[in-house]
Amino acid sequence: MSHPGKECDKALNQLYDEGGFRYWAGAYMDLLLNSERNRVAYDVWAKRTCERINDPMKRNLLAPLNPPHPFGTKRPSLEQDYFEQFNKPNVHVIDTNTHPIVEVTPCGLVTTDAKLHEADIIAIATGFDASTRSLGSMGICDTDGVNLGERWREGVSTFLGLKVPGFPNISLPYCAQAPTPFTNGPVFIEFQANFIRDMIKKMQSDGTQAVEPHSAAVQGWRIQMETISQMTLFPQTKSWYTGANIPEKPVELLYHYGGIPRYRDACEEAIHLLEDLAK
């Protein structure tokens, strides 16, 4: 973070005013790497957000003075007037961390403080098993007949987040161990599609019938993922970025946070040599 004091505050407020993901993805490069810088960003975010919420109790729950986790290590809301909705008299905020839900009745939800929260409709939003659950449930099996979900039971294993050992010629775009959720989705998918196209052209040119990553390439990619993870603030938060929101799922940073240039260079090198893809 190069801007000192007032300049930093001015820049962060400008990003907040612009809305969308700019405050999260367009701020300083060390936002998710440095806890002190992260706290500066959170304090500005909390101050501005609290100004939009009338009820003090709701403010304390939605934008507390002390952050419940490093800012941005859970996906921020892409919103324009989300917090203003809590000013409506029919909108309430219940802290289920303090008083968890213990029962669902025909009339609503009961929490541990014995209160019934009446509701006509319940929208169940309990998080999701990002990137791995859907692929692991499709019945895709490797050359030994082992399901992909079983292969990933102890942790994700890929090269470039695209190629999986034991699954020759299968490519998994927009998957785990790639920069997936830290990108502009359509643009990134196009890049990966071009990679797959170029790989097929290279295979045809070289007369290669099948490609799959060898163990050294997969292990090297996993080490890079783990090294980058330890540099970030993501491990401090229970979120779908790490799989910590799913019981019994291995906790690991599921996505490559090394930046698009580094990821692009790794893909281009793999295409040029095909060394890490040819078994």
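**Loop residues and overall architecture of the predicted model**

Asn-169 lies in the loop that joins helix 6 to helix 7 (185-206), where helices (H or I, at least four residues) and strands (E, at least two) are DSSP runs numbered from the N terminus. The structure is a predicted model, in which local features need pLDDT of at least 70 and side-chain atom pairs count only at pLDDT 80 or more, while totals for chains, interfaces and linings use all residues. Residues are numbered from 1 along each chain as its sequence is written, and side-chain values use heavy atoms, leaving out hydrogens and water.

Asn-169 has a phi of about 70°, a positive value although the residue is not a glycine. Its relative accessibility is 41%, so Asn-169 counts as partly exposed; on this scale buried means under 20% relative accessible area, exposed means over 50%, and partly exposed falls in between (1.4 Å probe, protein chains only). Ser-131 sits in the loop between strand 3 (116-118) and helix 5, and is buried because its relative accessible area is 19%.

The protein contains 9 helices and 3 strands, and from the N terminus on the order of elements is α-α-α-α-β-β-β-α-α-α-α-α. The C-alpha trace spans about 70 × 55 × 30 Å along its principal axes. Of the 279 residues, 40% are buried. Among contacts (heavy atoms within 4.5 Å) with a separation of 6 or more, 60% come from residues 24 or more positions apart. As for charge, the mean positions of the 27 positive and 34 negative charges are 3 Å apart, with Lys and Arg taken as positive, Asp and Glu as negative, and His and the chain ends not counted. Each charge is placed at NZ of Lys, CZ of Arg, CG of Asp or CD of Glu.

Two aspartates in loops are worth a look. Asp-142 is found between helix 5 (132-136) and helix 6 (148-151), and it is buried because its relative accessibility is 8%. Its side chain makes a polar contact with the side chain of Arg-151 at 2.6 Å and reaches the backbone nitrogen of Val-146 at 2.7 Å. A polar contact here is a pair of N or O atoms within 3.5 Å; within protein, one must be able to donate a hydrogen and the other to accept it, and residues adjacent in sequence count only if both atoms are side-chain atoms. Leaving aside residues up to four places away in sequence, Asp-142 touches Arg-151, Gly-166 and Phe-167.

Asp-55 occupies the loop between helix 3 (35-50) and helix 4 (56-62). With a relative accessible area of 32%, Asp-55 is therefore partly exposed. The side chain of Asp-55 reaches two backbone nitrogens, that of Met-57 at 2.8 Å and that of Lys-58 at 3.2 Å. The C-alpha atom of Asp-55 is 8.4 Å from that of Phe-86, 31 residues apart along the chain.

Turning to the strands, strand 1 (residues 101-105) pairs with strand 2 (residues 108-111) in the antiparallel sense over 4 bridges, where pairing requires that DSSP finds at least two bridges. The two strands form a hairpin with 2 residues between them, and Val-104 has Leu-109 of strand 2 as its bridge partner.
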